[in-house]
Amino acid sequence: MAKQRLPGPSDSIPRLCADLDEFGYCLVKNALPSDIITQVRDRLAEQSALERERGPTPLDDVQMAGGDDGNQYVYMLLNKGTVFRELLGASLVRALVAHVLGKEYLLSDFAAIITRPGNQRMGLHIDQWFLPSPAVPGEDQIRAGTITRRNLVTGPPAKTTRAINPPVVCNALWMLSEFTIENGATRLVPGSHLSGHHPDAGDDYDTINVTGPAGTVAVFEGRTWHGADLNRSITPRYAVSTYYCAPQIRQMANFPYGTRPEVMQSLPPELRALLGLKPWGGYGATGDPGSTLITPGEHNLGALYTDDQ
């Protein structure tokens, strides 16, 4: 890879936005106080150890097939400790998400990733893999409902001159441990967000590792090629993903259904809206498309009859 300037940790919004536009990612330094980061990591370490001890670790279709690959996911963090909410209130990170997605967006997923020594390397991928590729009339195109991670349009990561999809998701990856090359810091391909392609699993691309001290946040948009690397150290690497999507996109986590009732009741309205309990453009409504927040089924109008008393 030819030498080029790459993003460094910053707290300047103009600099961070410029890095996102040019490289597809940026690095936010000291997004939250160090004591909060420590509290989040300690809570995650306890939760993840108990989940690993008491049941099978859930896997998704990005992870390697065949069972435990050393990368443990802890899902639905809102249910697993109030300290995790601190990550959703970081104003600088949220400003960068708005730069990518616009003023209206949803929390799509809120999960932790623990990469343990001896893990398998995650394949390069983009987060908005589910979008159909743009095509002119007459060109072959995969139907939206038949897209899988195995029938995507692959190609080189170089900037293209043809029309491509805009970003519709944005990931903020919180480094709860120091990210180093040795412990498998996330690798990505700078500038790949402007290619309009997906990476080919059989190709060997030039990647860089996104390194930084605990408390750094790597923000990357949905078209940037990335994946977890090999942890060659002797300790686990802890991270949390606050993953956001445009308001018209289906969320990865079903927060309205999956959030525990006592947790949902404790959340302020702005966080409930972030979870998808606010209609957008009439979508997601439960009877009144203009309502501020949706209401559960038992509170909505049912069938009316003329002989009702």
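Strand β4 (residues 169–175) pairs with β7 in the antiparallel sense over 5 bridges; strands here are DSSP runs (E, at least two residues), helices are runs of H or I with at least four, and both are numbered from the N terminus. Two strands count as paired if DSSP finds at least two bridges between them. The model is predicted, so local features need pLDDT of at least 70 and side-chain atom pairs count only at pLDDT 80 or more, while totals for chains, interfaces and linings use all residues. Residues are numbered from 1 along each chain as its sequence is written, and side-chain values use heavy atoms, with hydrogens and water left out.

- Strand β7 (residues 217–221) has 5 of its 5 residues buried, so it is largely enclosed by the rest of the structure; buried means under 20% relative accessible area, exposed over 50%, and partly exposed in between (1.4 Å probe, protein chains only).
- Val 217, Val 219 and Glu 221 point one way from β7, Ala 218 and Phe 220 point the other way, and all are buried.
- In a regular strand the side chains alternate between the two faces of the sheet.
- Strand β1 (residues 25–28) also pairs with β7 in the antiparallel sense, over 4 bridges.
- Ala 218 in β7 stands opposite Leu 27 and opposite Leu 173.

**Strand β3 and its partners**

- In β3, 10 of the 10 residues are buried, so this strand is largely enclosed by the rest of the structure.
- Strand β2 (residues 71–74) runs antiparallel to β3 and is joined to it by 4 bridges, with Gln 72 opposite Ile 114 in β3.
- Strands β3 and β9 run antiparallel and are joined by 9 bridges; the bridge partner of Ile 113 is Ala 239 in β9.

**A sheet of three strands**

- An open sheet of 3 strands has the order β6-β5-β8, with antiparallel pairing.
- Its edge strands are β6 (208–209) and β8 (226–227), each of which pairs on one side only.
- Strand β5 (residues 187–188) and β6 are antiparallel and share 2 bridges, and Arg 187 stands opposite Asn 209 in β6.

**Aromatic pairs and a charge over a ring**

- There are 4 aromatic pairs, where rings of Phe, Tyr and Trp (its six-membered ring) pair if their centres lie within 6.5 Å; planes under 30 degrees apart count as stacked, over 60 as edge-to-face and the rest as tilted.
- The Tyr 105 and Tyr 244 rings form an edge-to-face pair because their planes stand at 85°, with the centres 5.5 Å apart.
- This pair links distant parts of the chain, 139 residues apart: Tyr 105 is in the loop between α3 (91–101) and β3 (106–115), and Tyr 244 is in strand β9 (residues 237–245).
- Tyr 105 is buried at 11% relative accessibility, and Tyr 244 is buried at 0%.
- Trp 129 and Phe 130 form an edge-to-face pair, at 6.2 Å centre to centre and 75° between the planes.
- Trp 129 is buried at 18% relative accessible area, whereas Phe 130 is partly exposed at 25%.
- Arg 237 lies over the face of Phe 179, at 4.3 Å from the ring centre; this requires NZ of Lys or CZ of Arg within 6 Å of the ring centre and within 35 degrees of the ring normal.

- The structure holds 1 cavity of 30 Å³ or more, a cavity being a set of points on a 1 Å grid over the protein atoms alone where a 1.4 Å probe fits but cannot get out.
- The largest cavity has about 150 Å³ of space, a volume being the space filled by probe spheres set on grid points joined across faces, edges and corners.
- Its lining has 15 residues, of which Ile 126, Gln 128, Asn 165, Gly 196 and Arg 223 lie nearest the centre; lining residues have an atom within 4 Å of a point.
- The lining of the largest cavity divides into 4 nonpolar, 9 polar and 2 charged residues; Ala, Val, Leu, Ile, Met, Phe, Trp, Tyr, Cys and Pro count as nonpolar, Asp, Glu, Lys and Arg as charged, and the others, Gly among them, as polar.

Terms used: On a 1 Å grid over the protein atoms alone, a cavity is a set of points where a 1.4 Å probe fits but cannot get out, and a pocket is an open set with protein on both sides within 12 Å along at least five of seven lines; lining residues have an atom within 4 Å of a point.
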